[in-house]
Amino acid sequence: MANIRKLLSEQLQANSFLYLKISEVSGLSKERLDAFLFDKTIFLDFGKLLDIVNAVCPENSADIIKHYIETLDVNHPTAQQALEYLFINRFDYRYTFLNRMVQAKNEENKYFATVYKQHYDNPSQLFQYDLQEIANSPTLHAFKSIMELYALYRNEELTPIIRKKEYVEYTIKNFVEDEFIRKYYLLHFNRLFMVISLYKYEISDCRGMANEILHLNNQVDGLILVSTYHTLGMSYLFEDYDKGLLYLYKAKEMYRRRQENGRDGDIHSSINLHQIIWNKEPEDLRFNSKKNADIHDIVHYYIMKNDYVKARQVLLTVNEAEISPRDNAFHFFYKGILEDNTDHFYKSIMLFKQVGNKLHLQLPLNELRKRGLNPLLLDTLLIN
């Protein structure tokens with residue numbers, strides 16, 4: 001792969017009008033760009049570099065950026081930008097660059113990389129850092145705050161996450177001086193609260209944060225975009241069949257392109273649910289799967305077909321002793337339908353509330369509405 005400076009220089013010699021195009025996407029003057037091209041001690045802000053490469057060489061931009069990062073001086077401040085870019089997108093060569101940066105002579109970069117290494121080698125060790133030392137680096141203080149939110153999310157502790165929301169957002173916006181890193185830390189923030197807003201059934205906030213992420217689509221790759229399209233698709237679960245399916249298909253296609261084994265995470269189950277709710281034939285039921293979510297998809301399918309005998313038979317294959325609270329909420333929803341028992345719907349609502357999932361809570365709630373229950377009572381059930 002050619003050196004990025006040489007590549008751009010050749011492109012500009014062949015077509016001088018590219019200066020105008022590059023200026024439009026990056027805001028750089030001709031003089032500033034020429035300084036970068038002919039002086040190896042000058043480095044561009046990594047975001048501007050991404051914009052330039054995507055505009056000039058979109059067909060092989062990933063390879064160009066990879067070569068640039070692999071030869072980047074780890075002592076230069078932009079190395080911190082490159083490190084965050086690699087890890088938020090989970091590129092497979094991220095650890096190679098990280099291990100180089102841990103050996104940097106620049107002490108600030110070395111410490112920055114060391115904190116990332118400690119976290120990404122073992123996220124559970126985050127709270128063992130020297131908090132006073134991290135506090136001396138406003139950027140890493142913001143990083144620590146974000147990763148604490150992720151740790152709480154993995155443990156399904158949504159209440160403390162919501163309490164910390166304003167603090168973490170303020171910390172990112174006011175303590176992270178580097179514009180590129182601040183933008184990516186806010187991307188972490190939006191990614192997390194996009195999903196939380198979905199499950200809180202705050203659909204407008206959810207879509208707003210998703211669109212903030214998609215505005216960076218030239219600088220974001222991989223699983224973040226998958227998660228964003230997946231979340232957007234789920235946000236239309238009760239609202240728009242075609243639009244919801246469009247986003248879910250995008251997520252599924254992107255996920256499968258990144259996975260050699262052809263898996264798609266749980267996206268197929270979201271598609272099945274979306275199709276069944278809209279009384280469409282589900283396309284990816286997994287009859288041989290032992291996962292509770294897949295079993296529940298089949299139960300829901302037989303309910304849609306009014307084949308309650310088969311639905312009950314399949315539901316009995318769920319191991320209730322080892323079921324997660326989220327799957328248990330779905331379990332009682334299906335039991336409520338099959339046994340025509342409103343108590344099961346109340347139990348389902350309670351379990352969905354416990355895991356902070358007001359989106360899928362609408363399922364048992366809608367069943368109770370169909371049965372003519374008092375609307376005031378139903379509204380009371382939603383009070384936290």
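I started with Arg-371 and Glu-367, whose side chains meet in a salt bridge at 2.8 Å, N to O. A salt bridge here is a side-chain nitrogen of Lys or Arg within 4 Å of a carboxyl oxygen of Asp or Glu. Arg-371 is partly exposed at 30% relative accessibility, while Glu-367 is buried at 11%. (Buried means under 20% relative accessible area, exposed over 50%, partly exposed in between, with a 1.4 Å probe and protein chains only.) Both belong to a network of salt bridges that also links Asp-340 and Lys-370.

A note on the source: this is a predicted model, where local features need pLDDT of at least 70, side-chain atom pairs count only at pLDDT 80 or more, and totals for chains, interfaces and linings use all residues. Residues are numbered from 1 along each chain as its sequence is written, and side-chain values use heavy atoms, leaving out hydrogens and water.

How many salt bridges does a search of the whole structure find? I got 13. One of them joins Lys-30 and Asp-34 at 3.0 Å, N to O. These two sit four residues apart in helix H3 (residues 30-38), about one turn of the helix. (Helices are DSSP runs of H or I, at least four residues, and strands are runs of E, at least two, numbered from the N terminus.)

Next I looked at helix H20, residues 342-354. Its buried residues include His-344, Phe-345 and Leu-351. They line one face of H20, because the buried residues fall within an arc of 165° seen down the axis, taking directions from the helix axis to the C-beta atoms. The face turned away carries the exposed Asp-343 and Gln-354.

Terms used:
The expected span of a helix is 1.5 Å times one less than its number of residues.
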